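Subject: Structure handover, charged contacts

Hello,

Please find the structure below, handed over for your own work. My notes on the side-chain contacts follow it.

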Amino acid sequence: NGYWLKKTRVFMVEAPVADAIAMGVDLEDPTGNMIVNIGAQSTEISVVEQGRVVLSKTLRIGGKQLNEAIVNEVRKQYNLHIGNRTARRLKFSLAYLKEDIREARKAVGVDSLSGLPREGIIPSDMVHETIVPLVRMICEEIRFFLERTPPQIMQNIADQGIFLAGGTTRIPDIDWFISQETGHKVRLSSRYELCTVCGLKEIIGNRTLHKWVK
């Protein structure tokens, strides 16, 4: 086993490059593309040019922070303590960002006053209003990032759009919301949180893509 480990070669792939490959971005393109991955605990905004990450910024805003905001708001408004898993379910089922669908979901938690289990009805407008400020902060950072992007790359981003991936992008209409806030079209990956893994899988199975690894 020791001999086998000595012979093993380790390759490194930057996550935005793997995302780009999974979403069909042309890495040979010398003008650059923007990749935004909104994950579980952070958001990574990157510009990929000819297979290299030339600009990148990580924000400490992701699905976890959105879940916690919902947990706090439910406790504040309904004296009901729910878990992060329940908050996550409410986020994906009620947080439509394009329009208020005027729906509600039952949520089981612990009564903040009595300490006993209790069921509550959580409306979509509460979930919507809770997560919008955080999603808008991500949009503001994307805009600031675009302002620092070289003009020739900016033109290509305007033409190609912003490539969006990550588990948190399962929130209904998040691509529409980001497009409205940034003024750029958004191309959402249907692979969501699996996008990076799918990119790695393509690299492993295609030798012509090995030039993009380190």
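This is a predicted model: local features need pLDDT of at least 70, side-chain atom pairs count only at pLDDT 80 or more; totals for chains, interfaces and linings use all residues.

Glu 202 and Arg 191 form a salt bridge, with 3.4 Å between the closest N and O atoms. Glu 202 belongs to helix 8, whereas Arg 191 sits in the loop between strand 8 (186-188) and that helix, so the pair ties together parts 11 residues apart in sequence. Both ends are partly exposed: Glu 202 has a relative accessible area of 31%, and Arg 191 is at 32% relative accessibility.

The structure holds 8 salt bridges. One of them joins the side chains of Glu 28 and Lys 211, at 2.6 Å from N to O. This pair links distant parts of the chain, 183 residues apart: Glu 28 is in the loop between helix 2 (15-22) and strand 1 (33-38), and Lys 211 is in the segment after helix 8 (195-205). Glu 28 is partly exposed, at 43% relative accessible area, while Lys 211 counts as exposed at 53%.

A further salt bridge is formed by Glu 103 and Arg 105, whose closest N and O atoms are 3.2 Å apart. Glu 103 is partly exposed at 36% relative accessibility, and Arg 105 is partly exposed at 28%.

On the aromatic side, the structure holds 0 aromatic pairs. The ring of Phe 92 does have a charge over it: the charged end of Lys 91 lies 4.6 Å from the ring centre.

Regards

Notes:
Residues are numbered from 1 along each chain as its sequence is written. Side-chain values use heavy atoms; hydrogens and water are left out. Rings of Phe, Tyr and Trp (its six-membered ring) pair if their centres lie within 6.5 Å; planes under 30 degrees apart count as stacked, over 60 as edge-to-face and the rest as tilted. A charge sits over a ring if NZ of Lys or CZ of Arg is within 6 Å of the ring centre and within 35 degrees of the ring normal. A salt bridge is a side-chain nitrogen of Lys or Arg within 4 Å of a carboxyl oxygen of Asp or Glu. Helices (H or I, at least four residues) and strands (E, at least two) are DSSP runs, numbered from the N terminus. Buried means under 20% relative accessible area, exposed over 50%, partly exposed in between (1.4 Å probe, protein chains only).
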